[in-house]
Amino acid sequence: MTRMLERSSALPTPAGSLAPDIPLPHASLARRRLHSRWPARLDLLQSASGLFLALFLVAHMFFVSSILISQEAFYTVARFFEGAYFLATPQPWIVSCVVGGVLAVFVLHAWLALRKFPANFRQYKAFAEHRAGLRHDDTGLWWIQLWTGFALFFLASIHLYGMLVHPELIGPYESADRVWTGSMWPLYLLLLFAAEIHGSIGLYRLALKWDWLPGRDPVAARRRLRMLKTAFSLFFIALGLLSLLAYVRLGIAHADRAGERYQPSGDGAPANVASGMNVAPAMAPVRRGG
Ligand code: HEM
């Protein structure tokens with residue numbers, strides 16, 4: 001139908017975009033581009049992938065922070081995701097599949113976000129001037145989201161790759177050894193701030209964009225949403241810092257036995273977990289010092 005209208009040139013020419021003397025095939029192509037639904041579809045896809053990643057991150061932070069309850073609690077969560085409680089034996093490849101899925105969404109989200117990055121110095125400067133002129137808080141937030149997103153390209157990729165190729169090395173000692181003896185804590189610290197700030201701003205912007213504002217007064221609703229955003233960041237940064245501290249402390253205490261696998265003390269172990277796993281795996285973190 002749209003095509004028929006285009007052909008019969010019943011659609012008005014958008015002001016200033018098409019000169020009347022442009023030959024018909026070119027004019028129709030340009031008009032089709034102007035009326036393309038793809039930018040909107042890609043925007044929707046970016047919002048959906050961002051929402052998925054933000055919700056995943058919320059769940060992930062709770063799983064990881066189970067170390068704050070006890071080593072056994074974290075061990076139980078890790079084995080649960082390997083299917084230890086409903087399959088004959090734990091299957092770490094299940095975790096690799098989940099990581100693969102998250103990685104795919106992460107790459108898709110990053111690729112879609114690239115469309116909005118300033119592409120050259122002129123665009124970068126134009127945006128910086130625009131931002132300085134506007135002095136609008138939300139434009140500032142977009143800028144922060146751009147830079148935290150840029151940092152996540154590198155930081156999250158390193159973490160996800162480690163989880164993808166060594167899903168079996170997730171456990172109280174294994175994780176603590178990676179964090180401390182494997183020197184991952186500085187990366188996790190940066191990743192924590194980047195991910196939580198990026199995620200909270202992302203959710204805030206999603207709520208504004210798709211009009212999920214709570215209440216009728218838009219100004220008051222925006223203020224409430226901002227408070228929620230800050231509370232979200234603060235809560236998950238605090239939870240992440242406490243968990244990271246727990247991994248660091250356990251890693252320091254376990255440094256002279258780095259590479260040793262965790263063995264639950266009884267009830268916490270699924271019956272099907274093979275005993276005698278208390279050996280250093282090939283890719284265990286290298287010991288520091290003597
Ligand atoms: C399915 C994918 C993922 C899995 C299986 C996973 C698993 C883990 C595990 C087991 C830890 C504990 C430390 C360790 O063992 O090395 C951890 C820590 C962490 N992960 Fe992930 N992760 C995933 C995806 C992500 C993503 C996409 C992000 C952020 C963009 C992220 C951010 C973090 C942060 C910041 C920490 C440090 C936690 C803290 O401060 O307590 N993870 N992750």
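Is leucine 189 buried or exposed, or partly exposed? Select leucine 189 and find out: leucine 189 is partly exposed, because 15 other C-beta atoms lie within 10 Å. On this scale a residue is buried if 20 or more other C-beta atoms lie within 10 Å of its own, exposed if 12 or fewer, and partly exposed in between, with C-beta atoms placed from the backbone.

Before going on, a word about what is on screen. This is a predicted model, in which local features need pLDDT of at least 70 and side-chain atom pairs count only at pLDDT 80 or more, while totals for chains, interfaces and linings use all residues. Residues are numbered from 1 along each chain as its sequence is written.

**The whole chain**

Switch to a cartoon view. You will find 10 helices and 0 strands, so named because helices (H or I, at least four residues) and strands (E, at least two) are DSSP runs, numbered from the N terminus. Now colour by burial: 23% of the 290 residues are buried. Among contacts with a separation of 6 or more, 77% join residues 24 or more positions apart.

**Back to leucine 189**

Leucine 189 sits in helix α9.

**Helix α8**

Select α8 next. How many of its 8 residues are buried? The count is 8 of the 8, so α8 is largely enclosed by the rest of the structure. Those buried residues, including Tyr173, Glu174 and Arg178, pack against α4 (71-81), α9 and α10.

α8 and α10 pack at an angle of about 90°, with their axes 8 Å apart; axes are lines fitted to C-alpha atoms, for helices over the stretch in contact, and angles run from 0 to 180 degrees between N-to-C directions. That makes α8 roughly perpendicular to α10, since angles under 35 degrees count as roughly parallel, over 145 as roughly antiparallel, 65 to 115 as roughly perpendicular and the rest as oblique. On the α8 side, show Pro172, Ser175, Ala176, Asp177 and Val179; on the α10 side, show Tyr247, Val248, Leu250 and Gly251. This contact divides into 6 nonpolar, 2 polar and 1 charged residues.

**Helix α9 and its partners**

Now pair α9 with α7. Their axes are 8 Å apart and the packing angle is about 135°, and the two helices are therefore oblique to each other. The crossing is left-handed, meaning that the near helix is turned anticlockwise from the far one by less than a right angle (right-handed if clockwise). Among the residues in the contact are Leu141, Ile144 and Thr148 of α7 and Leu187, Leu190 and His198 of α9. By class, the contact has 14 nonpolar, 6 polar and no charged residues.

The axes of α3 and α9 come within 10 Å and cross at roughly 135°, which makes α3 oblique to α9. This crossing is left-handed. From α3, display Ser47, Gly50, Leu51, Ala54 and Leu57, which meet Ala195, Gly199, Gly202, Leu203, Leu206 and Lys209 in α9. The classes here are 6 nonpolar, 4 polar and 1 charged.

**Two loop residues**

Finish in the loops. Serine 183, between α8 and α9, has a phi near 55°, a positive value in a residue other than glycine. Aspartate 211, in the loop between α9 and α10, has a positive phi of about 60° although it is not a glycine. Aspartate 211 is exposed, with 8 other C-beta atoms within 10 Å.

Conventions
Contact = placed C-beta atoms within 7 Å. Nonpolar A, V, L, I, M, F, W, Y, C, P; charged D, E, K, R; others polar.
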